[in-house]
Amino acid sequence: MTMSEHKALFGFGGSTAVGAAQEILRLAARADRDGLDLFTVSDHPYYGSRLDAYSIVGVALGRTANIAGLVSVTNLPSRPAPMLARTITSLSALSGGRVVLGMGAGGLWDEITRLGTPRLDPGAAVRAFEEAIVLVRALSGGGEPVTFDGEFYQVTALEPAPVPAAPVWTGSVGPKSLAVTGRVADGWIPGHAADWLSERYRTSRPIIDDAAATAGRDPGDIATIYNLPGLITPAPLAATRDDDGRWIGGSAEQWADELTGAVLEHGASGFVLFAPGGAAPDDTALGRWAQEIVPAVREAVAGI
């Protein structure tokens with residue numbers, strides 16, 4: 001992956017609405033020019049009003065030079081692991097490594113089954129999730145043909161692509177899924193826009209770390225990247241968090257102070273900007289994010 005070597009990564013989340021097709025491509029190109037590290041899109045293939053997430057990523061990567069693309073997170077039940085491996089290695093080869101594999105076990109099963117995909121119970125979905133990550137990695141990086149006889153995936157003497165495996169970031173929520181992240185993934189995106197001060201983070205991250213250590217991995221090698229909705233206001237706010245402790249935003253200076261503390265004091269590895277409610281940021285917000293907030297945080301954490 002050729003994203004910047006900054007201590008923290010910065011991106012934005014875009015819309016997948018069919019009517020916003022040109023907008024997401026334009027915003028990705030602008031973010032690339034402004035030096036952001038990644039753009040993300042969600043994956044809901046059961047909705048006809050949404051664009052296919054990997055089609056967005058492929059077209060956007062073809063129109064940019066440095067920014068990376070992330071499907072956050074891949075709807076795994078609708079994208080079988082062997083074909084997902086081919087998609088990711090192909091995008092990586094075409095873009096010079098500018099892709100991250102976001103992985104989820106599947107959540108909206110009533111919608112997923114409308115695609116004709118068999119419903120899995122929660123335990124089975126997590127086991128399939130772990131198998132898929134292992135198999136996608138095995139089908140990357142070249143080497144001997146792969147034979148894999150798993151509970152959910154079977155391949156026989158399948159040639160791996162001669163392309164390095166992309167980083168894998170998960171959207172794990174439950175304890176079993178979080179443990180999978182610790183065992184086999186490279187990063188974690190806390191659900192429900194939870195941040196470093198949230199109860200979700202405090203109770204979930206130790207599960208990842210314990211599973212990583214048990215597997216002989218360094219927990220510090222597993223990044224935490226936050227989806228962070230909020231307003232960027234012209235003037236400072238009296239309070240940047242609501243009564244429940246959730247981040248609501250503030251001035252560029254307040255954002256920079258908050259994110260610098262997240263990196264230096266809480267080990268945050270990256271931030272993806274959304275507008276309040278999870279919408280894509282508008283031009284003004286994206287510009288202030290890229291030109292004011294991100295440079296200030298990068299400068300503050302450089303060399304530390």
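This briefing describes two helix pairs, α5 with α6 and α8 with α9. The model is predicted. Two packed helices are described by the angle between their axes and the distance between the axes.

**Helices α5 and α6**

- Helix α5 covers residues 122-138 and helix α6 covers residues 175-184; their axes come within 9 Å and cross at roughly 15°.
- Angles under 35 degrees count as roughly parallel, so α5 is roughly parallel to α6.
- The crossing in which α5 passes α6 is right-handed.
- On the α5 side, the contact is made by Val126, Phe129, Glu130, Ile133, Val134 and Arg137.
- On the α6 side, Lys176, Ser177, Val180, Arg183 and Val184 take part.
- Sorted by class, the contact of α5 with α6 has six nonpolar residues, one polar residue and four charged residues.

**Helices α8 and α9**

- Helix α8 runs over residues 252-266 and helix α9 over residues 283-301; the two axes come within 9 Å, with a crossing of roughly 40°.
- At that angle, α8 and α9 are oblique to each other.
- α8 passes α9 in a right-handed crossing.
- From α8, the residues that meet α9 are Ala252, Trp255, Ala256, Leu259, Thr260, Val263 and Leu264.
- Their partners in α9 are Arg288, Trp289, Glu292, Ile293, Ala296, Val297, Ala300 and Val301.
- By class, twelve nonpolar, one polar and two charged residues make up the contact of α8 with α9.

How values were computed
Residues numbered from 1 in each chain as written. Predicted model: local features only at pLDDT ≥ 70, side-chain atom pairs only at ≥ 80, totals over all residues. Heavy atoms only, no water. Axes fitted to C-alpha atoms, helices over the stretch in contact; angles between N-to-C directions. Helix = DSSP H or I, 4+ residues; strand = E, 2+ residues; numbered from the N terminus. Parallel < 35°, antiparallel > 145°, perpendicular 65-115°, else oblique. Left-handed = near helix turned anticlockwise from the far one by under 90°. Contact = heavy atoms within 4.5 Å. Nonpolar A, V, L, I, M, F, W, Y, C, P; charged D, E, K, R; others polar.
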